[in-house]
Protein chains: 2
Amino acid sequence: MESRCENCIIRQFNSLRAMSKEELKKVSDSKTTKTIKKGEPIFEEGEKLNGVYCVRNGVSKLSKLSANGKDQIVKLASKGEVLGQRSVISQESTNLSAIAVDDMEVCFIPKESITNTLQTNPNFTLEVLRHMAHDLKEADDVIVNISQKTVKQRMAEAFLYLQNNFGEDADGFLALTLSREDISNVVGTATESAIRIISEFKKKGLIHTSGKKIGIKDERKLLEMVEGF
Amino acid sequence: MESRCENCIIRQFNSLRAMSKEELKKVSDSKTTKTIKKGEPIFEEGEKLNGVYCVRNGVSKLSKLSANGKDQIVKLASKGEVLGQRSVISQESTNLSAIAVDDMEVCFIPKESITNTLQTNPNFTLEVLRHMAHDLKEADDVIVNISQKTVKQRMAEAFLYLQNNFGEDADGFLALTLSREDISNVVGTATESAIRIISEFKKKGLIHTSGKKIGIKDERKLLEMVEGF
DNA sequence: CTAAAAATATGATATTTATCAGTAAATGGT
DNA sequence: ACCATTTACTGATAAATATCATATTTTTAG
């Protein structure tokens, strides 16, 4: 509430850094900060969004419900990511739900601030475009992975991904703790299968666990597994 | 060769329509037209691109090779689509190969014409952004489909997709004829599995075939299958 | 037109993965 | 701290899919 976008360090991580001082001032004046509790939605699939959400703290899962009642998690978004951008740009309702995996703090920015700037500041538009291009590349990679790798390989990859993107805590566990169900929804498999593979990895000494926390024990072997050795 | 972008009707389908007359003139002066034979690449995964390719005729598959030697086709691009845009925008080498499925005619546009316009014409940038946003949505949908639907459902979906996007010929066959292998690479399954399902669909009266041509016979049942009935 | 190569097709089988059933452990609310 | 509820885990089994082998058809090159 008190803090101004102009001073917000989070900005450096996303396309808002390409805004001019004046544009940023407007954004700051119109934004509102929200806290979202673990498990609560920021928005849900099919909703019309009146703005975007800039993540200040915590992690959100972007997922889509399929006909059989299972969620597929398409992306995990954390500090600095802007949610709902795609939807605001295409003026369509959202394709994905955004649900808090952690307790979160996000800034809601009304869409006018964004769309106005998109029409007048090519640097900003280009910056948004670059981010979108990056997301598209990642999405393409996910498609190839899901269809060409086994569940075991994708599980290994998921753990390495979590390590690279969210780091580890003091005890060597992955800093982002997901439920087994969330893990299975990232990987695109049945929850029981995910659990089974976790047990197997544990037996083989690739990972160690404590409650729902998971730690990586043998990074090299996990990497080899991803590559198919 | 003789034709000018200013007069090119293809332009209406892609982001080039947001260019000014002068910008288009520059593009037209710098572009070169190429013909690509069926099976030949326009560019290959990992290449650095010096420009983008605007499809005038024919269809290209955008695919990525996975560790196990199988291609995954991420998208089929036809008339009006601009290939290599993502790569030029992010200034990275291409993530995907583009291979002609048909005999093709494409216009190569050097990247300078594009990047210059991106920096100066916000309408153009916004238009590109909208296209990219659309592609990203489609990619997300593919992710959900691949991980949550059975091979059979995805096969049914693929046929309907081909019908919707490329139409049918006079005899009621899908206008775009893909090899069984290409079909399996779109769907993300083994070629034998794809063939088996084609046989099954044929027996059930959902489709009919003649050589490698496939025609849709019972659209309603295919749709129901996709939905999981 | 014909031989060779490639693509399509089908059967048998192995492997992977999902589903169902049930138990154990962890978590949250009062 | 205790009960209720959710989450994690394990086994048995079924279903989906891949793989291997091989036959047939189609396409291509000469």
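Modeller: Let me begin with A:R56, which, leaving aside residues up to four places away in sequence, touches A:S3, A:C8, A:I10, A:K79, A:E105, A:V106 and A:C107, contact meaning heavy atoms within 4.5 Å. This is a predicted model, in which local features need pLDDT of at least 70 and side-chain atom pairs count only at pLDDT 80 or more, while totals for chains, interfaces and linings use all residues. Residues are numbered from 1 along each chain as its sequence is written, chains are lettered from A and ligands numbered from 1 in the order in which they are written, and side-chain values use heavy atoms, with hydrogens and water left out.

Colleague: Why does A:R56 count as buried?

Modeller: A:R56, placed in strand β3 (residues 51-57) of chain A, has 17% relative accessibility and therefore counts as buried, since the term means under 20% relative accessible area, with exposed being over 50% and partly exposed in between (1.4 Å probe, protein chains only).

Colleague: What makes A:Q91 exposed, and what is its phi?

Modeller: A:Q91 has 63% relative accessibility and so counts as exposed; although A:Q91 is not a glycine, its phi is positive, about 50°, and its place is the loop between α2 (85-90) and β7 (97-100) of chain A. In chain B, B:Q91 is likewise exposed, with a relative accessible area of 63%, and its phi is near 55°.

Colleague: Why is strand β5 of chain A said to be largely enclosed by the rest of the structure?

Modeller: Six of the seven residues of β5(A), residues 71-77, are buried, so the strand is largely enclosed.

Colleague: How do you know that β4(A) and β5(A) pair?

Modeller: Pairing asks for at least two bridges found by DSSP between the strands, and β4 (residues 60-65) and β5 of chain A have six, in the antiparallel sense. A:K61 stands opposite A:L76, and A:L62 has A:K75 as its bridge partner. The hairpin has five residues between these strands, and A:G69 takes a positive phi near 85° there.

Colleague: What makes β2 and β5 of chain A edge strands of the sheet?

Modeller: The open sheet has four strands in the order β2-β7-β4-β5 (chain A), paired in the antiparallel sense. β2 (41-43) and β5 each have a single partner strand, so one side of each is left without a neighbour in the sheet. Helix α4 (residues 122-148) of chain B packs on this sheet, touching β4 and β5 of chain A, and its direction makes about 135° with that of β5(A).

Colleague: Why is α3(A) called roughly perpendicular to α4(A)?

Modeller: Helix α3 (residues 111-120) and helix α4 (residues 122-148) of chain A pack at about 110°, their axes 6 Å apart. That makes α3(A) roughly perpendicular to α4(A), because this label covers 65 to 115 degrees, whereas under 35 is roughly parallel, over 145 roughly antiparallel and the rest oblique. A:I114, A:T117, A:L118 and A:T120 of α3(A) meet A:P122, A:F124, A:T125 and A:V128 of α4(A).

Terms used:
Axes fitted to C-alpha atoms, helices over the stretch in contact; angles between N-to-C directions. Helix = DSSP H or I, 4+ residues; strand = E, 2+ residues; numbered from the N terminus.
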